[in-house]
Amino acid sequence: MSVLRLIFNVLWFLLGGLVMGLAWWIIGLVCFISIIGIPFGRACFVMGKLAFWPFGRDAINRRYINHVEDFGTSAFGTLGNIVWFIFFGIWLAIGHLMHALVCFLSIIGIPFGIQHLKLAGLSIAPIGKGIVGR
């Protein structure tokens, strides 16, 4: 099963994962310009790694990983996700949705389209999420 994940991740990286992963990281660099944006930038780099290699990994709420509420999973995290969505999240979601539509044009691209839809949903509210392997 891990060989199949590796094959899918390599194909993903070559056929669109590189573009969207770099988009996450570029937005992360923009967020690091201000002190207020540092938590957003940190989340961008974590989610950018997922955008590079999504097969075999998932993003879930950190409250379920750590069994404790932290800053990102509190009401401040919700407020941060609202601000994130207004400035950056909508654009990343549109990028992933456009890639998903192209991937769904062929039967072979369906697993890649599903990953883009997962990342589009994640790009709406990434604050308070952590990456886990399956």
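**Salt bridges, aromatic rings and a pocket**

Let's start with a contact. Arg62 and Asp70 form a salt bridge, and their closest N and O atoms sit 2.9 Å apart. Asp70 is partly exposed, at 24% relative accessibility. Keep in mind that this is a predicted model.

How many salt bridges does a search of the whole structure find? It finds 2.

A word on confidence. The mean pLDDT of the protein is 90. Of its residues, 99% reach 70 or more. Which element has the highest mean pLDDT? That is helix 5, residues 110-124, at 93. Helix 3, residues 62-66, has the lowest mean, 85.

Now the rings. The structure holds 13 aromatic pairs. Take Phe13 and Phe52. Their centres are 5.7 Å apart, with 50° between the planes, and the pair is tilted. Again, distant parts of the chain are linked. Phe13 is partly exposed, at 26% relative accessibility. Phe52 is buried, with a relative accessible area of 8%.

Phe52 has another partner, Trp25. Why is this pair called edge-to-face? The planes stand at 85°, and over 60 counts as edge-to-face. The ring centres are 4.8 Å apart. Trp25 lies in helix 1 and Phe52 in helix 2, 27 residues apart, so this is one more link between distant parts of the chain. Trp25 is partly exposed, with a relative accessible area of 29%.

Step back from the pairs. Phe13, Trp25 and Phe52 belong to one aromatic cluster, together with Phe32, Phe45 and Trp53.

Last topic, the largest pocket. About 380 Å³ of space lies in it. Lining it are 18 residues. Which of them are the closest to its centre? Pro39, Phe40, Phe71, Gly72 and Ile127. Helix 2, residues 38-52, and helix 4, residues 75-103, each supply at least two lining residues. Helix 2 gives the largest share, 6 residues. What is the lining made of? It divides into 11 nonpolar, 4 polar and 3 charged residues.

To recap, then. Look at Phe52 for its pairing with Phe13 and with Trp25. And look at helix 2 for the largest share of the pocket lining.

Methods
Residues are numbered from 1 along each chain as its sequence is written. This is a predicted model: local features need pLDDT of at least 70, side-chain atom pairs count only at pLDDT 80 or more; totals for chains, interfaces and linings use all residues. Side-chain values use heavy atoms; hydrogens and water are left out. pLDDT is the predictor's confidence in each residue, from 0 to 100. Helices (H or I, at least four residues) and strands (E, at least two) are DSSP runs, numbered from the N terminus. On a 1 Å grid over the protein atoms alone, a cavity is a set of points where a 1.4 Å probe fits but cannot get out, and a pocket is an open set with protein on both sides within 12 Å along at least five of seven lines; lining residues have an atom within 4 Å of a point. Grid points are joined across faces, edges and corners, and a volume is the space filled by probe spheres set on the points. Ala, Val, Leu, Ile, Met, Phe, Trp, Tyr, Cys and Pro count as nonpolar, Asp, Glu, Lys and Arg as charged, and the others, Gly among them, as polar. A salt bridge is a side-chain nitrogen of Lys or Arg within 4 Å of a carboxyl oxygen of Asp or Glu. Buried means under 20% relative accessible area, exposed over 50%, partly exposed in between (1.4 Å probe, protein chains only). Rings of Phe, Tyr and Trp (its six-membered ring) pair if their centres lie within 6.5 Å; planes under 30 degrees apart count as stacked, over 60 as edge-to-face and the rest as tilted.
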